[in-house]
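Please read it with the sequence and the model side by side.

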Amino acid sequence: MADAALVDLLDAIPLPALAIDRTERITAANAEARTLIGQGIEGRNFVTMLRQPGLVDVVEAVLSDRQPRVTQYLANDGVQDTTFQVTVRIAPTLGCAILCFIDVTHVEQAGQMRRDFVANVSHELRTPLTALIGFIETLRGPARNDTAARDRFLDIMDGEASRMNRLVGDLLSLSRVEGQERVRPREDVELVGLIQSVLRTLKPLADEAGVALEPQIAPERVDMIGDPDQLMQVFTNLIENAIKYGASGKRVVVRLDAVDRDPALRAQGVRVHITDFGPGIAPVHLPRLTERFYRADSHRSRALGGTGLGLAIVKHIINRHRGRLRVESDLGKGTQFTVILPTNIP
Ligand SMILES: Nc1ncnc2c1ncn2[C@@H]1O[C@H](COP(=O)(O)OP(=O)(O)OP(=O)(O)O)[C@@H](O)[C@H]1O
Ligand SMILES: [Mg+2]
């Protein structure tokens, strides 16, 4: 029977914690530790319960030389793999080692995301750079005196350099909106005029792609508090995507409805639907579209000059405005993105 004071002590620690005595038995464990490692662990030899060689070695070392140590314990919470940092320290008056398990899964995940991000950026930059270097070599060597080839290569180089430029621009924009996500926007915005000006700007692109832009905007004006430049970016990217990826549907409808009480926001708001009648997006891609560099059809998107950062930026801007982004798509029929924004001005 474990010492009642020891049990009380472990129960007061808000992390999985357990005690191991000199005979290598688990003498007490709190409820969090039982959830993590298993019910009925008290009284058992720790080696049979903890089972991970790294942790077992560390506990044995601490029990023998009484020096504190830190190690890792890997688990799974039924949804995802989890990582714990485990501190192992001797409590001299209690005559046992105390193990505390600190969940560091989110720290590990943040580290992994950072590494993925750097890898993605390097890859995205390397592709156009490799092309540029290749063309420079060709222009210095075999194509030196070939005027027609030179002009063609310079055009391609121009395209690749612009792509790198756009990528860097998008990266800066993304880091700016991420940094501001918790800062409330505070400018007055009139949304109907803003969307109409985006439609005017994108008209040439739509004409070139043979797409008719069809605004269906009932209210005369919609006033809200927001960041006009960022909201421009949102609608520009969504309408541009609809034109670029949905061109085969020949039309893009931009519809705006003001709602007194939006069910998603539980507040007064506005819903803007951007609908195209293009190839649509397969359901597997939908949940991941707003991830950085995620492309549903990467070959086509790259060919159209996309960086894959547009929707990531859109998502952050909408979050900053306390809004929602929805996407519905039917393969072969088209795609509808919906932006829901609160308009109640405090
Ligand atoms: N309306 C749409 N129809 C079909 N696919 C779409 C549509 N909108 C987006 N996509 C897919 O989602 C991907 C991500 O879009 P996003 O705007 O984030 O990047 P992008 O357009 O490739 O690059 P950027 O916007 O930075 O120029 C696109 O590459 C495309 O595959
Ligand atoms: Mg885009």
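## Terms and basis

In what follows, Ala, Val, Leu, Ile, Met, Phe, Trp, Tyr, Cys and Pro count as nonpolar, Asp, Glu, Lys and Arg as charged, and the others, Gly among them, as polar. A pocket is found on a 1 Å grid over the protein atoms alone, as an open set of points where a 1.4 Å probe fits, with protein on both sides within 12 Å along at least five of seven lines, and its lining residues have an atom within 4 Å of a point.

This is a predicted model, in which local features need pLDDT of at least 70 and side-chain atom pairs count only at pLDDT 80 or more, while totals for chains, interfaces and linings use all residues. Residues are numbered from 1 along each chain as its sequence is written, chains are lettered from A and ligands numbered from 1 in the order in which they are written, and side-chain values use heavy atoms, with hydrogens and water left out.

## The shell around ligand 1

Ligand 1 is surrounded by 22 residues, each with a heavy atom within 4 Å of the ligand, and the closest are Tyr 245, Asp 276, Ser 301, Thr 307 and Leu 311. By class, this shell holds nine nonpolar, eight polar and five charged residues. At least two residues each come from helix H8 (228–245), helix H10 (310–320) and strand E12 (334–342), and H8 gives the most, with five; helices (H or I, at least four residues) and strands (E, at least two) are DSSP runs, numbered from the N terminus.

Oxygen atoms of ligand 1 lie 3.0 Å from a backbone N or O atom of Ala 296, 3.1 Å from a polar backbone atom of Gly 310 and 3.4 Å from a backbone N or O atom of Leu 309. Taken alone, ligand 1 exposes 610 Å², of which the protein buries 96%, with areas from the Shrake-Rupley method and a 1.4 Å probe.

## The largest pocket

Ligand 1 takes the space of the largest pocket, in the sense that more than half of its atoms lie within 2 Å of the grid points. The volume of this pocket is about 850 Å³, counted as the space filled by probe spheres set on the points.

Its lining has 38 residues, with Asn 237, Asn 241, Lys 244, Tyr 245 and Ser 301 nearest the centre. H8 supplies the most, eight residues.

## The second largest pocket

The second largest pocket holds about 460 Å³ of space. Its lining consists of 16 residues, and Met 113, Asp 116, Phe 117, Glu 291 and Arg 292 are the closest to its centre. Six of the lining residues come from helix H5, and the lining divides into six nonpolar, three polar and seven charged residues.

Conventions. Polar contact = N/O pair within 3.5 Å; in protein donor to acceptor, adjacent residues only side chain to side chain.
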